[in-house]
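Notebook open. I want to go through this chain from its fold down to single contacts.

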Amino acid sequence: PRESRSKCVQVEDFASLIGLHESYLNELLLRFDNKRISDLIGFLESPWSTALYHEEFGNFRESLKATILSSPDIKIIVKTVKQWFDDNVEINPAKFEQLTEMLNSSVKEVSRRISFNFYTPIQIIFRITCHLNFK
């Protein structure tokens, strides 16, 4: 097990994790259930988690969510899937393929919109690195 950054737990850092979906936490529950986490603090301080503690991460998540939910493609997908459930439509391979194609198209559109509204991944990594090194 890797030793923690410090002997003191960074309460402010861990408080920022409250309310995050488990998928943000690198499959924490699955890893814990499979006994792949022996040091929870060390796991939550691992390099993969750096962005979670950045002061702008919450704002980034909210902006990303707003961008995704305002996408016309996403609205169509949600409406289509809701209609399928309301009509008890069987999600067979053809329907699944249709949904996959819609999602792929939507992801490309949202990615394009995000690239105009947010930093590129390289810029985000640079900002986080600077934040960690100089703060």
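My entries below run from the overall layout to single residues.

**Ground rules.** I am working on a predicted model: local features need pLDDT of at least 70, side-chain atom pairs count only at pLDDT 80 or more, and totals for chains, interfaces and linings use all residues. Residues are numbered from 1 along each chain as its sequence is written, and side-chain values use heavy atoms, with hydrogens and water left out.

**Confidence.** I looked up pLDDT, the predictor's confidence in each residue, from 0 to 100. The chain has a mean of 78, and 76% of its residues reach 70 or more. Among the elements, helix 2 (residues 28-33) has the highest mean, 90. Helix 7 (residues 121-134) has the lowest, 54.

**Layout.** I counted seven helices and zero strands. Both are DSSP runs numbered from the N terminus: helices are H or I with at least four residues, strands E with at least two. From the N terminus the order reads α-α-α-α-α-α-α.

**Burial and contacts.** I took buried as under 20% relative accessible area, exposed as over 50%, and partly exposed as in between (1.4 Å probe, protein chains only). Of the 135 residues in the chain, 23% are buried. Contact means heavy atoms within 4.5 Å. Among contacts between residues at least 6 apart in sequence, 69% join residues at least 24 apart.

**Core.** Which residues make up the largest nonpolar core? I found eleven: F14, L17, L20, L25, L28, I37, F43, L44, L52, Y53 and F57. A nonpolar core here is a set of buried Ala, Val, Leu, Ile, Met, Phe, Trp, Tyr and Cys residues joined through side-chain atoms within 4.5 Å. I then checked I37, leaving aside its neighbours within four places in sequence. I37 is in contact with L28, R31, F32 and F43.

**Aromatic pairs.** My search of the whole structure gave three aromatic pairs. Rings of Phe, Tyr and Trp (its six-membered ring) pair if their centres lie within 6.5 Å; planes under 30 degrees apart count as stacked, over 60 as edge-to-face and the rest as tilted. One of the pairs is F14 with Y53, edge-to-face, at 6.2 Å centre to centre and 85° between the planes. F14 lies in helix 1 (residues 11-15) and Y53 in the loop between helix 3 (40-44) and helix 4 (57-69), so this pair ties together parts 39 residues apart in sequence. F14 is buried, at 15% relative accessible area. Y53 is buried, with a value of 15%.

I looked at Y24 and F57 next. Their ring centres are 5.9 Å apart and their planes at 90°, so this pair is edge-to-face. Y24 sits in the loop between helix 1 and helix 2, F57 in helix 4, and the pair links these parts of the chain across 33 residues. Y24 is partly exposed at 34%, whereas F57 is buried at 14%.

**Charge over a ring.** I checked Y24 for a charge above its ring. R61 lies over the face of Y24, at 5.2 Å from the ring centre. My criterion was NZ of Lys or CZ of Arg within 6 Å of the ring centre and within 35 degrees of the ring normal.

**Salt bridge.** How many salt bridges does the structure hold? I found one. The term needs a side-chain nitrogen of Lys or Arg within 4 Å of a carboxyl oxygen of Asp or Glu. D86 forms the bridge with K82, the closest N and O atoms being 2.9 Å apart. Both lie in helix 5 (residues 72-86), four residues apart, about one helical turn. D86 is partly exposed, at 48% relative accessibility.

**Positive phi.** I noted K35, which has a positive phi of about 55° although it is not a glycine. K35 is in the loop between helix 2 and helix 3. It is exposed, at 73%. N88 also has a positive phi of about 55° and is not a glycine. I placed N88 in the loop between helix 5 and helix 6, exposed at 70%.

**S105.** Last entry. I located S105 in helix 6 (residues 93-117). S105 is partly exposed, with a relative accessible area of 41%. From S105 to I74 I read 9.6 Å, C-alpha to C-alpha, across 31 residues in sequence.
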